[in-house]
Amino acid sequence: MTASGARRGRDRPPRRNLIAVLAIVALSGAFFGYDQGVISGALRDIRQTFDANTFAVEVAASWVTPGALVGALLGGHLADRIGRRGALWVAAAAFGVGTLVQAFAPMIGVMFGARLILGLGIGVASVAGPMYAAEAAPERIRGSLLALYQFSTTFAIFIGYLADELFEAGNSWRYLLAAAVLLGVALALVTTVIPDSAVWYVGRGDKRRAEASLRATVPAEKVPQRLHAVQESLAAGKAGWREVLSPEWRRPLALGVGLALFQQLTGINGIIYYADEIFSAAGFHTPQAQLTATTWAIGAVDSLFTLVAVAFLDRLGRRPLLLVGLLGMAVSLVVVSVSFAKMDPGAQAAGATGHHPTDAGIFLLVGVVMFVAFYAMSIGPTAWTVINEIFPGRIRGRCVAIASATHWGTEYLITQFFLSMLDALGRSGVFALFAGTCVLGFLFIWRYLPETRGRTLEEIQRMWQADARARRPHRAGDGSR
């Protein structure tokens, strides 16, 4: 080996450790994705198995989300108290227990409780997994690595859809739900073989383990510099809620919460929950045909275009992808809204029962596919990336928990009140409202999000501190200049 080759080898962290970090991110996202994909096809069988009414089936489907909200809030606390690895073990255990209990539930009430426990594990993983990756990953690949959280979610949804298509008979829904326990087992195993993040160890005063953790994922020559930066960022000690809400960190907290809100308020769940009627209008008349269309037009497109974000987040940056994506989402939802407006009752009936789709139905399908593609390449994965890199280490757990809980809470509200919104505004009006929200999201990103590509977490922290000092009013005699 040449001297330059040996030097390059020393400059690179062990690849197996980065693969372990990647696996943690992917498994954390797959928790929710696989469940969401499989449960959508299992609800009919659950209704028949337990002779359940519509309300009970809706509870069985939706109670994962409030469980995830509680889990997200708990996840930040656990990550600070027992470490990122400890929180991931809790997530794996809760997910595994919830998965098995729901799969073999003897009555619908047991399934309700199991779905809450399952959601708890999903929520904890949604905080601890990306947070660990943000702290462990080199800055040059941090964006792409965190984008894999959303990719794994969408790809797991796609796999869940495919499983529903392939296995429809008998009690197969129980086995499809039980199969998810493998994800929990895999996360527990991967988490066992890697160290916790350097941020956690420095916060505990364990410099030796912090160095070992950095050597696992950072080139050797950069370890002293990174360790010093982490120590400097945590020098003020453990932060309380007063500091979380202080003026110094108010802007990044508002940014994280805003991203979580816009990720859900821009209409992705409206598209998913209304997919059957959209595809019916576009000419897919049978439930099987609609399931197939959902699998490929939403599941496959979502997964494919999330890879665009994985490929370009660290090349183009966060702002360009978010701005282009939100603008494209707004245009796509205008197409969806206008298409619904053009579908008068007679045309809708023809689209739903005739042999050919209406012109409005075709435009509707095009608008939906465009929206899913723009969402998948922008705010879907990028929101999680930014949320996990904009907060300083000593308050990161609490701030990420707040933003993640905002995500799950907003998703629950959209799910709960979507039909009421349809009754109040009509289909065209609801999707026009979502288009307007995309425009607001575009303006929000344009005004408040600085580019974080290529910066270490500590450099991002110093950026916010400099911004806070610049905004602080000058007072005579205070010594400031």
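Which residues line the second largest cavity?

1. The second largest cavity is lined by N17, A20, V21, Y132, A136, I194, P195, S213, A216 and T217. A cavity is a set of points, on a 1 Å grid over the protein atoms alone, where a 1.4 Å probe fits but cannot get out, and lining residues have an atom within 4 Å of a point.

2. This is a predicted model, in which local features need pLDDT of at least 70, side-chain atom pairs count only at pLDDT 80 or more, and totals for chains, interfaces and linings use all residues. Residues are numbered from 1 along each chain as its sequence is written, and side-chain values use heavy atoms, with hydrogens and water left out.

3. The volume of the second largest cavity is about 40 Å³, a volume being the space filled by probe spheres set on grid points joined across faces, edges and corners. Its lining comprises seven nonpolar residues, three polar and no charged (Ala, Val, Leu, Ile, Met, Phe, Trp, Tyr, Cys and Pro count as nonpolar, Asp, Glu, Lys and Arg as charged, and the others, Gly among them, as polar). At least two lining residues come from each of α2, α6 (108-136) and α11 (207-217); helices are DSSP runs (H or I, at least four residues) numbered from the N terminus.

4. In total, the structure holds four cavities of 30 Å³ or more. The largest cavity contains about 220 Å³ of space. Among the 18 residues lining the largest cavity, F32, Q36, Q150, T153 and Y375 are the closest to its centre.

5. The lining of the largest cavity consists of eight nonpolar, eight polar and two charged residues. Helix α7 contributes the most to this lining, with five residues.

Methods:
On a 1 Å grid over the protein atoms alone, a cavity is a set of points where a 1.4 Å probe fits but cannot get out, and a pocket is an open set with protein on both sides within 12 Å along at least five of seven lines; lining residues have an atom within 4 Å of a point.
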